[in-house]
Amino acid sequence: MSGDGAAVTADTNQHYDLDPDIFGQFLDPLRKYSSGLYESDSDTLESAQRNKLRFVARRLGLSGGERLLDIGCGWGSLILFMAQEYGCHTLGVSPAPRQHEYIAEQAAVRGVAGLVRTQVGHFEEMDLAAGSMDAVTMLGSIVHMPDLDEVFRRARAVLRRNGTLYVSESCFRNAAAHKAFDERAGTEFVRSNIFGWGDLRPLSDLLTAAEDAGFSIIAVDDLTDQYRRTIEDWIGNVDAAAERIDAHQPGLAAELRHYLEVANAGWGYTTKHYALTCRKAR
């Protein structure tokens, strides 16, 4: 990894490689750290996250037994779910070592250790066999990857012909918002204190990179309102568990709450959240 790349990984790990118990205090039981999908007013955070994972499976066209790569696998919610519910052979990639220990434990507990593998590292530097995957997913991870063109090119390379890529990501509303807000105090707080290195591009940047890599775009979904409600539930959980979160690091609960409030303030105004589905059609 280049010096800059190593710095990006270390920067990102400042948050994602924290004690797993911290995330267990405010995320749902699956520890899915991205937008849920609320199908009714009565949906809980957990049911919304399960809805979202089924939505991803539909977008990917999963029917059972597929080979699936999740880039930026977090705490393993997607690969564990797809292994349990669809019998998929899954590989999760992430630079945060603690996440892999947690996923291995959960895979054993859930009886899917034979279907779930993980690899510590940076996707752009991994030697993965060409055409070896039926589906590739990136849920909230491409924002941490500096070279958008290289990421889409590599994702296409590991897919078989007619394989499917699903990317969900928070984006600036358009190129003008990207330019106007990129260096503002709220954006810098998120980068410096929580998020690590990240670049919220406008959707048009993602579409251009996907098309330039040779993908066919088959669906774009606007999930902005879904992410707003997800974060409201996370804020409620942070408040309820503030003492337990601060036991890990004094002041962490307030910092997390501020981060989540900053994220929610922008939805619909400066930022959006989209799901992009692409096919390797040739």
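**Entry 1: the sheet**

I looked up the sheet and found an open one of seven strands, ordered β3-β2-β1-β4-β5-β7-β6, with mixed pairing. Two strands count as paired if DSSP finds at least two bridges between them. I note that strands of a sheet pair through backbone hydrogen bonds, either parallel or antiparallel. The edge strands are β3 and β6 (216-222), and each pairs on one side only. On average, neighbouring strands of this sheet are turned by 15° against each other, direction ignored. Axes here are lines fitted to C-alpha atoms, for helices over the stretch in contact, and angles run from 0 to 180 degrees between N-to-C directions.

The model is predicted: local features need pLDDT of at least 70 and side-chain atom pairs count only at pLDDT 80 or more, while totals for chains, interfaces and linings use all residues. Residues are numbered from 1 along each chain as its sequence is written, and side-chain values use heavy atoms, with hydrogens and water left out.

**Entry 2: the whole protein**

I counted 12 helices and seven strands in the protein. Both are DSSP runs, numbered from the N terminus: helices are H or I with at least four residues, strands E with at least two. Of the 282 residues, 55% count as buried. Buried means under 20% relative accessible area, exposed over 50%, and partly exposed in between (1.4 Å probe, protein chains only).

I then followed β2 (residues 89-94), where five of the six residues are buried. Strand β1 (residues 67-71) runs parallel to β2, and five bridges join them. Within this pair, Arg67 stands opposite His89 in β2. Right-handed means that, with the strands pointing away from the viewer, the path from the first strand over the helix to the second runs clockwise.

β2 also pairs with β3 (residues 116-120), in the parallel sense and over five bridges. Thr90 has Val116 in β3 as its bridge partner. The chain crosses from β2 to β3 through helix α5 (residues 97-109), and this β-α-β crossover is right-handed.

**Entry 3: strands β4 and β5**

I checked β4 (residues 133-139) next: six bridges join it to β5 (residues 159-172), and the two run parallel. Thr137 stands opposite Tyr166 in β5. Helix α10 (residues 224-240) lies across β5, β6 and β7 (271-279), running at about 120° to β7.

**Entry 4: helices α3 and α4**

How do α3 and α4 lie to each other? I found that α3 and α4 (residues 77-86) pack at an angle of about 70°, with their axes 11 Å apart. α3 and α4 are therefore roughly perpendicular to each other; that label covers 65 to 115 degrees, with under 35 roughly parallel, over 145 roughly antiparallel and the rest oblique.

Arg50, Leu53, Arg54, Val56 and Ala57 in α3 meet Ser77, Leu78, Phe81, Met82 and Tyr86 in α4. By class, this contact has seven nonpolar, one polar and two charged residues. Nonpolar covers Ala, Val, Leu, Ile, Met, Phe, Trp, Tyr, Cys and Pro; charged covers Asp, Glu, Lys and Arg; the others, Gly among them, are polar.

**Entry 5: Lys52**

Is Lys52 buried or exposed? Lys52, in helix α3 (residues 45-60), is buried, with a relative accessible area of 0%. Leaving aside neighbours within four places in sequence, Lys52 is in contact (heavy atoms within 4.5 Å) with residues including Lys32, Tyr166 and Leu223.
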